[in-house]
Amino acid sequence: MYKKILYKKAYRILNISTPLNFDCGVLCNNKCCKGDNNKGMILFPGEEIMYANESFLLIKEKDFCDTKILFASCSGKCDRKLRPLACRIFPLVPYINKDGLLQIINDPRAKYLCPLLTGIDHIKISPVFKRNVRKVFQRLSQDRDIREYLVKLSGVLEEYMRFTGTDIDTL
């Protein structure tokens, strides 16, 4: 029940905040929402409780860093008020640096998918959105399970950046 309250608060903060002041899906033909059974988003630890009575998401267990996580895929159509946290924060991602500090960074895995990360000067992610994502993860990272997951995710992001030769793009 504790995690449900935590995620409800996070969703509420992000319901009023988006990367741009218009539907950014018009820039890329909704690439990040093109779902099928093999594409999707992770659910953060305990987030599945938010989808116990929903049928629009197919939730599967996947291996991730010697642990099991839940991965949600959909048909590409959902009620935006019900979308998972990873969808709500895209193309940003929480990152725990070497000093154990939480940062919100541009997700390096989204660099080649999302036009918001291509460096087009006149398209900037809203500072309010960035602040709200930070606020959400400052709260969520207080939970031990979520914090442990964020540390593992940060290691995966570091490996990805090493493999692709990209740098951490902090906000």
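Axes are lines fitted to C-alpha atoms, for helices over the stretch in contact, and angles between N-to-C directions run from 0 to 180 degrees. Contact here means heavy atoms within 4.5 Å, while helices (H or I, at least four residues) and strands (E, at least two) are DSSP runs, numbered from the N terminus. The model is a predicted one, in which local features need pLDDT of at least 70 and side-chain atom pairs count only at pLDDT 80 or more, whereas totals for chains, interfaces and linings use all residues. Residues are numbered from 1 along each chain as its sequence is written, and side-chain values use heavy atoms, with hydrogens and water left out.

The protein contains five helices and five strands, and from the N terminus on its elements follow the order α-α-β-β-β-α-β-β-α-α. Of its 171 residues, 42% count as buried, where buried means under 20% relative accessible area, exposed over 50%, and partly exposed in between (1.4 Å probe, protein chains only). Among contacts with a separation of 6 or more, 71% come from residues 24 or more positions apart.

Three strands form an open sheet in the order β1-β3-β2, with antiparallel pairing; two strands pair if DSSP finds at least two bridges between them. The edge strands are β1 and β2, each of which pairs on one side only. Neighbouring strands of this sheet are turned by 40° against each other on average, direction ignored. Strand β1 (residues 41-43) is joined to β3 (residues 67-74) by three bridges, and Leu-43 stands opposite Leu-70 in β3. Eight bridges link β2 (residues 57-64) with β3; here Leu-58 stands opposite Ser-73, and Ile-59 faces Ala-72. The hairpin of β2 and β3 has two residues between the strands, and Cys-65 takes a positive phi near 50° in this hairpin. Helix α5 lies across β1, β2 and β3, running at about 75° to β2.

Attention now turns to the first helix. Helix α1 (residues 2-15) has 14 residues and reaches 20 Å from its first C-alpha to its last, close to the 20 Å expected at 1.5 Å a residue; the expected span is 1.5 Å times one less than the number of residues. Lys-3, Leu-6, Tyr-7, Ala-10, Tyr-11, Ile-13 and Leu-14 are buried in α1. These residues lie on the same side of α1 because they cover an arc of only 160° around the axis, the arc being that of the directions from the helix axis to the C-beta atoms. Their cover includes α3 (85-89), α4 (127-140) and α5 (144-164). Lys-9, also in helix α1, counts as partly exposed because its relative accessibility is 40%. The C-alpha atoms of Lys-9 and Val-136 are separated by 8.1 Å, although these residues are 127 apart along the chain.

Leaving aside residues up to four places away in sequence, Leu-85 touches Tyr-7, Tyr-11, Leu-14, Phe-44, Glu-47, Val-136, Phe-137 and Leu-140.
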